[in-house]
Amino acid sequence: MEEELKCPVCGSLFREPIILPCSHNVCLPCARTIAVQTPESEQHLPPLLHPRGPAAAAAAAAAGPGAGAAAGSAACLEPECAAGGGDHADKLSLHSETDSGYGSYTPSLKSPNGVRVLPLVPAPPGAAAAPRGAGPASSSLTCPQCHRSASLDQRGLRGFQRNRLLEAIVQRYQQGRAAAAAAAKCQLCDRSPPEPAAVLCEQCEVLYCASCQLRCHPARGPFAKHRLAPPPAHPGAPGGGGDGGGGGKGAGGGRKPPACAEHDLENYSMYCVSCRSPVCYQCLEEGKHGKHDVKALGAVWKQHKAQLSQALNGVSDKAKEAKEFLVQLKNLLQQIQENGLDYEACLVAQCDALVDALTRQKAKLLTKVTKEREHKLKVVWDQINHCTLKLRQSTGLMEYCLEVIKENDPSGFLQISDALIKRVQVSQEQWVKGALEPKVSAEFDLTLDSEPLLQSIHQLDFIQMKCRVPPVPLLQLEKCCTRNNSVTLAWRMPPLSHNPVEGYILELDDGDGGQFREVYVGKETLCTIDGLHFNSTYNARVKAFNSSGVGPYSKTVILQTSDVAWFTFDPSSAHRDIVLSNDNQTATCNSYDDRVVLGTAAFSKGVHYWELHVDRYDNHPDPAFGIARINVVKDMMLGKDDKAWAMYVDNNRSWFMHCNSHTNRTEGGVSKGATVGVLLDLNKHNLTFYINGQQQGPPAFENIEGVFMPALSLNRNVQVTLHTGLEVPQCVKQPKLPNN
């Protein structure tokens, strides 16, 4: 609560607080320091708030447009010195940087709350005093919190009401804090009794005296960011959580009832609703409140107390939620700390495991190197021993032969010369090619490929931090299927895939081997595509994507739509007079006028055939059979507009009709039990009709292109049943082309 009791200018507890027009409070001494005088040359600038009181309004009217009420200076803002214009030391002649006449409140390090206090500036020497009757400059006061300016009237700062309630609360708070400071004791003192507490650490929640604070809680290291506050309030003090009403009652019981600011001898007894201020009876009889809406002071007091209590209930609920949220945040801090330690331990264990694995692999590799080295050394030593033996034998033989050659006995020489020659030749043959070359190399044929491992170590990171593109999705073929001219595809991500997936892109070709196009983008892993061509082969593939990019395509799946079309009458597009039954396969009508109903299938290519069986045929009506666009007119016979192509027939003959044009009258009609066939060949772009299996006239329409739906118009005298999924009649059936 202490922050509510501090002046926004000086930062200390309020002293003689006054209420500004914007409902903020400021100390009376501080108000004197922040009031600013507006020079006469700039009185045309309108203040944000108009002057207070009727006298100010009269003075403004006498001075002319834009003139403010008279107010001499910061020292002469009181009524008793408003007329003293000779002392320029007490006058305000301070302007803002732009000479606007309003105080500038730029944040400053020299003031407690960032409010720049404007000091008094003496008048220049030799300046003449303003004449008593002259129009003085107006003074204004800018709120240090909302920066709204208010002009002062002839009463100066005394024209603002004193906040007596706030003053009493500050006084009560100071008394309670003094008592609490005397009662709070240090929690770390070794003395008995402990020293009075000087500060409370809000983070440690410990009371310290001055010496214990220096010894146990120095303002450095981790304690530098801790906030030290005064000792908590005494339980009996305001805001201390105890019964603070006793002190308030005692303080309030001895207070004098407040007197009216304009009539010192009268106490406040009424409340002006228009001005939102308490008034006395004399204000109602003589002042400006005479014609205002007024109420009893006690009644308004109770009403506003009730409103404040009700508003406090909402604030109390929010405060309760905030406390619970703070508890949640503190628990979250503890959880983060614990989880951080756990993850650190897990990370250390994982890295230690990697180091252990690398150490074991290092030992294996060193063993291989040792074996290779020992093998090379053994081969070289064997070769050295063998060569040394050969060399010793050859050297001995050479020395012996040289000695034999030195002898001068021919007969003795010839006796052994043949044998010596053979021995020398044999010794020479022992030094074959390669015998004097090392069998092994000094180089080790072992190359350690550590680059992939180093690359993996450099890429070692947490999964959510090294987001890569998703892997290839796996198509679930057991869930992929076709129905009529719709296909359904399902897929999933491979197991143990850690890369996140934000969505999928499904692509389908045109059913004729053309290019792929996107048909679905989203997060689902199951998708059905409707409205495809019948008797067509489609290729489909899917890929995943995330913030890092798009992954590779899946394998392509081939899907074949139905050879023939299965459909019913569409109740959603039928005229409201159409009556459907038999699972929307039988249609009749409630009206004597012709009404249109469409089928649920749409065709744009291929050859399609369906039949309609006449279940009831009364009074020779003219039902019409054919095809139509989806936006065909449904309250007249089929074929009368340009959106339908039809054959209408009675019991004797038939006509083809499009755009209300009747052509090709053909003998032969329908009756109960008749069957009408419709053959739509979009490969040849023509439409042909059949009655009871026989072609009715020539091809009815040619050169038709686009998307068409089966259509029928009838009235209440006819009932027909639709038969679909039929093979094309043999007389016009085309051979099926092989698929690519």
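Which elements do the buried residues of α7 pack against? In this predicted model, those residues pack against β9 (270-272), β11 (294-296) and α8 (410-430). The buried residues of α7 are V300, K376, V379, Q383, K390, S394, L397, C401 and V404.

Helix α7 itself covers residues 297-406, which makes 110 residues.

Let's turn to a sheet. Six strands form an open sheet in the order β23-β33-β25-β26-β27-β28, and their pairing is antiparallel. At the edges sit β23 and β28, each of which pairs on one side only. From one strand to the next, the twist averages 20°. Inside this sheet, β26 and β27 pair in the antiparallel sense over four bridges, and Y648 stands opposite W655 in β27.

| β23 | 595-598 |
| β28 | 661-667 |

Finally, have a look at E507, found in strand β15 (residues 503-508). Is E507 buried or exposed? E507 has a relative accessible area of 7%, so this residue counts as buried. The E507 side chain makes a polar contact with the side chain of Y553, at 2.9 Å. Leaving out residues up to four places away in sequence, E507 touches F516, R517, E518, V519, N539, A540, R541, K543 and Y553.

How values were computed. Residues are numbered from 1 along each chain as its sequence is written. This is a predicted model: local features need pLDDT of at least 70, side-chain atom pairs count only at pLDDT 80 or more; totals for chains, interfaces and linings use all residues. Side-chain values use heavy atoms; hydrogens and water are left out. Helices (H or I, at least four residues) and strands (E, at least two) are DSSP runs, numbered from the N terminus. Buried means under 20% relative accessible area, exposed over 50%, partly exposed in between (1.4 Å probe, protein chains only). A polar contact is a pair of N or O atoms within 3.5 Å; within protein, one must be able to donate a hydrogen and the other to accept it, and residues adjacent in sequence count only if both atoms are side-chain atoms. Contact means heavy atoms within 4.5 Å. Two strands pair if DSSP finds at least two bridges between them. Axes are lines fitted to C-alpha atoms, for helices over the stretch in contact, and angles run from 0 to 180 degrees between N-to-C directions. The expected span of a helix is 1.5 Å times one less than its number of residues.
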